[in-house]
Amino acid sequence: MSARLIMKLRVASARLTTPDVLHLSFIHPSRPELPAWTPGAHVDLRTASGKIRQYSLCGDPADRAHYEIAIKREDAGRGGSVWAHANLDVGAEAHVSAPRNNFPLRENAHRHILIGGGIGVTPMLAMAHGLVATNQDFELHFCARSEKEAPMLAEAKAICGDRLQLWLSTSGRRFDPGQLGPVRDGVHIYACGPQRLLDAVRAAAAGWPDEQIHAEVFQATLDENFKAEPFDIMLASTGAVLHVPADRSLLAVLRDHGIQMPSSCELGVCGSCVCGYRDGVVIHRDVVIPLGARQDRMAPCVSRARVSVTLDL
Amino acid sequence: MSVDVKGPPRPRMIEAFEHAAGAIAAQTPGGATGWRGSLLHIHIAPAASYEMEELDEAICVAGRGIEGDRYFSGLGTYSPKPDVREVTLIEQEALDALNRNDPPLQSGPLKIEPRDHRRNLTVRGVPLNHLVGRRFRVGEVVLRGGRLNFPCKYLEELLGLPVFLPLYNRSGLNCGIERGGIIRPGDPITMLDESE
């Protein structure tokens, strides 16, 4: 995956869009335009302690002066969101990467069905901006507990108009993925939100081809029963063989040996560290590499191998 | 998932005239003389992939690099690889050529701002390709040309621009610092005689 520039941006506005979701707008202190991006893209945000977290851009891709993100405070999370809520006020400096898009809108679709649950609405807002700008057919299903707890609801209404369908569980209106119905040619489904929502969408759209269903998660699959085993890797370029102990990641071992690997989430979500491999059995534990690419691509931050594997490094 | 808690690797520099290229060039006569150039811009980046930041003055440390730069602190993309990276330079004239699409290697001009090319010093009137194996002065600082710089795919990815081919053979010069000091934009750049 490609390298991305990291910029020291300034918080231009910071406001709570719900009691626990902070909406931030960043500007560059000296450049009028930020690197361009497409709907579905995310940026990395670096915390003061060096943690890297991914957030979808939720603003208008046509606005080149600002990056907008929304961060839900997760008090029981890994600490990134709590830090952001406490520290990112107007005028603060934030270390933000250029955007990357693992969740793009599909070209040549007749219709786009966007499904956002809670904070998962953020990439959908950028998609809606893009679809309105290009005059494409879409609908946005926005699922939340209540209007008060629906992040950026006013923006969603303003962008989508009557193409917004709001599903508020406290009002007894729950999104029924069953309404997706049978497969329709040229219709693409995009979903982002809690795992149970994504599971429900996948179950309801069981007959749809994978190519027409797109989901984004910012949390790696939970597999608490996974037991890591040691293995060996060979570097195709030099023939060097390195041992990966059970308690270390392949990424960490590569770095120990001076091999510079880009990385970001180190959870198997962002795809920064993905590299090629050949002749080996890889245990894929990421959620970013598409099935069709897993035969020769792996994410060394979380994925491992049985006994041995040769890396295209 | 294990976490690597080790600090950044220590920078491993090769002395400019001990580099395979610089060592040979230092024993080979030739090269442009009689020129006088100037320092246009100084840029550093705090760590790998970070945007470059312009400085009004910089402290050059002999045998080490420019204070605050990622290669000074061992945080650069290529820091683990021993090399000549204390200071990197590029010619404004090369950037001007890209900006007029000369030669026309891609569909149109490439506008590369001084803060985008990721070399430390942007200079004008300095024949960098002639300075491998040579000593020259930037203000009060003395640099040694260690090897020609060459473009990397990493730069293409960071910039999102196809700069690899058009920068080839005019990507600048990697130098060691023989004598440290403070440099500022506007400083004159001149050749040093062997006796100096």
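1. Charge in chain A. In this predicted model, the side chains of chain A include 33 positive and 34 negative ones. The centres of the two sets lie 3 Å apart.

2. Overall form of chain A. Five helices and 18 strands make up the secondary structure of chain A. Its radius of gyration is 20 Å, close to the 20 Å given by the globule rule for 313 residues, so chain A is as compact as a globular protein of that length. The C-alpha trace of chain A spans about 60 × 50 × 35 Å along its principal axes.

3. Interior and surface of chain A. Of the 313 residues in chain A, 50% are buried. The accessible surface of the chain amounts to about 14100 Å², and carbon and sulfur atoms account for 50% of that area. Where contacts in chain A link residues at least 6 apart in sequence, 64% of them join residues at least 24 apart.

4. Helix H1 of chain A. This helix covers residues 80-87, and its buried residues include A:Gly80, A:Ser81, A:Trp83, A:Ala84 and A:His85. Among the elements that cover the buried residues of H1(A) are strands E1 (6-18), E2 (21-27), E3 (42-46), E4 (52-56) and E5 (67-72) of chain A.

5. A sheet in chain B. Three strands of chain B, in the order E4-E3-E10, form an open sheet with antiparallel pairing. Strands E4 (65-66) and E10 (181-183) of chain B stand at the edges with a single partner strand each, so one side of each has no neighbour in the sheet. Strand E3 (residues 58-61) of chain B is joined to E4(B) by two bridges, and B:Cys60 stands opposite B:Ile66 in E4(B).

Note on methods:
Residues are numbered from 1 along each chain as its sequence is written. Chains are lettered from A and ligands numbered from 1 in the order in which they are written. This is a predicted model: local features need pLDDT of at least 70, side-chain atom pairs count only at pLDDT 80 or more; totals for chains, interfaces and linings use all residues. Side-chain values use heavy atoms; hydrogens and water are left out. Two strands pair if DSSP finds at least two bridges between them. Helices (H or I, at least four residues) and strands (E, at least two) are DSSP runs, numbered from the N terminus. Buried means under 20% relative accessible area, exposed over 50%, partly exposed in between (1.4 Å probe, protein chains only). Contact means heavy atoms within 4.5 Å. The radius of gyration is taken over C-alpha atoms; the globule rule is 2.2 Å times the number of residues to the power 0.38. Accessible areas come from the Shrake-Rupley method with a 1.4 Å probe; for residues, only the protein chains shown count as cover. Lys and Arg count as positive and Asp and Glu as negative; His and the chain ends are not counted. The place of a charge is taken as NZ of Lys, CZ of Arg, CG of Asp or CD of Glu.
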